Amino acid sequence: WTVNPPPVAVSVAPSSGSGAAQTFVFTFSDGNGFADITRVNMNVNLTLTSVGGCYLEYTRATNTLLLANDAGDAWAASAVLGSAATLQNSRCSINAATASASGSGNLLTVSLPITFKPGFSGAKNLYLAALDSLSSFSGWQALGTWTVP
């Protein structure tokens with residue numbers, strides 16, 4: 001009998017601050033190695049909802065980033081990290097060309113340059129979650145705060 005511990009949302013850097021644009025580095029861990037992590041989610045919003053925020057999903061196997069639409073009920077755009085594409089909704093945009101992901105040991109790191117739109121001003125929380133190959137879910141963790149001017 002082998003117990004598969006779920007992946008863990010470890011951190012976001014910077015974990016606090018303010019500004020209209022920032023490159024955030026999101027870190028996740030899996031006891032079975034970073035390659036066991038299939039998807040990670042990042043959400044910048046006042047509360048833990050995909051509605052009206054900057055809700056993102058990264059799929060490791062395809063190196064693809066998805067951005068939810070404003071309603072939070074569908075993906076507005078997708079791009080392979082490193083490609084000449086910009087993902088955007090009315091809350092934020094991400095330049096895929098300068099985004100990256102890497103893994104080492106148990107850690108998966110996703111670096112995303114996020115530019116916030118003027119209508120998205122105010123205090124926000126930075127939420128992270130991860131899913132592994134056996135569908136074990138980390139649960140959502142609030143690991144930072146950011147103020148959009």
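In which sense do strand 5 and strand 6 pair, and over how many bridges? The model is a predicted one, and in it strand 5, residues 64–68, pairs with strand 6 in the antiparallel sense over five bridges.

Next, the charged contacts. A search of the whole structure finds one salt bridge. The partners are Glu57 and Arg39, whose closest N and O atoms are 3.6 Å apart. Glu57 belongs to strand 4, residues 54–59, and Arg39 to strand 3, residues 37–45; the pair links distant parts of the chain, 18 residues apart. Is Glu57 buried or exposed? Glu57 is buried, because its relative accessible area is 11%, and the cut-off for burial is under 20%. Arg39, at 33% relative accessibility, counts as partly exposed.

I turn to the nonpolar residues. The largest nonpolar core holds 32 residues, of which Phe28 and Leu112 touch the most other members. Strand 10, residues 107–116, gives the most to this core, contributing five residues. On the surface, Val8, Val10 and Leu107 form a nonpolar patch with about 220 Å² of accessible area together. Of these, Val10 is found in strand 1, residues 8–13, and counts as partly exposed at 40% relative accessibility.

Finally, some backbone details. Ala13 and Pro14 are joined by a cis peptide bond with an omega of about -5°; Pro14 lies in the loop between strand 1 and strand 2. Asn63, in the loop between strand 4 and strand 5, has a phi near 55°, a positive value in a residue other than glycine. Its relative accessible area of 25% makes Asn63 partly exposed. Ser135 also has a positive phi, near 65°, and is found in the loop between strand 11 and strand 12. At 54% relative accessibility, Ser135 counts as exposed, because the cut-off for that class is over 50%.

Thank you for your attention.

Terms used: Residues are numbered from 1 along each chain as its sequence is written. This is a predicted model: local features need pLDDT of at least 70, side-chain atom pairs count only at pLDDT 80 or more; totals for chains, interfaces and linings use all residues. Side-chain values use heavy atoms; hydrogens and water are left out. Two strands pair if DSSP finds at least two bridges between them. Helices (H or I, at least four residues) and strands (E, at least two) are DSSP runs, numbered from the N terminus. A nonpolar core is a set of buried Ala, Val, Leu, Ile, Met, Phe, Trp, Tyr and Cys residues joined through side-chain atoms within 4.5 Å. Buried means under 20% relative accessible area, exposed over 50%, partly exposed in between (1.4 Å probe, protein chains only). Patches are made of residues with over 30% relative accessible area and no salt bridge: like charges are joined within 9 Å, nonpolar side chains (Val, Leu, Ile, Met, Phe, Trp, Tyr) within 5 Å. Accessible areas come from the Shrake-Rupley method with a 1.4 Å probe; for residues, only the protein chains shown count as cover. A salt bridge is a side-chain nitrogen of Lys or Arg within 4 Å of a carboxyl oxygen of Asp or Glu.
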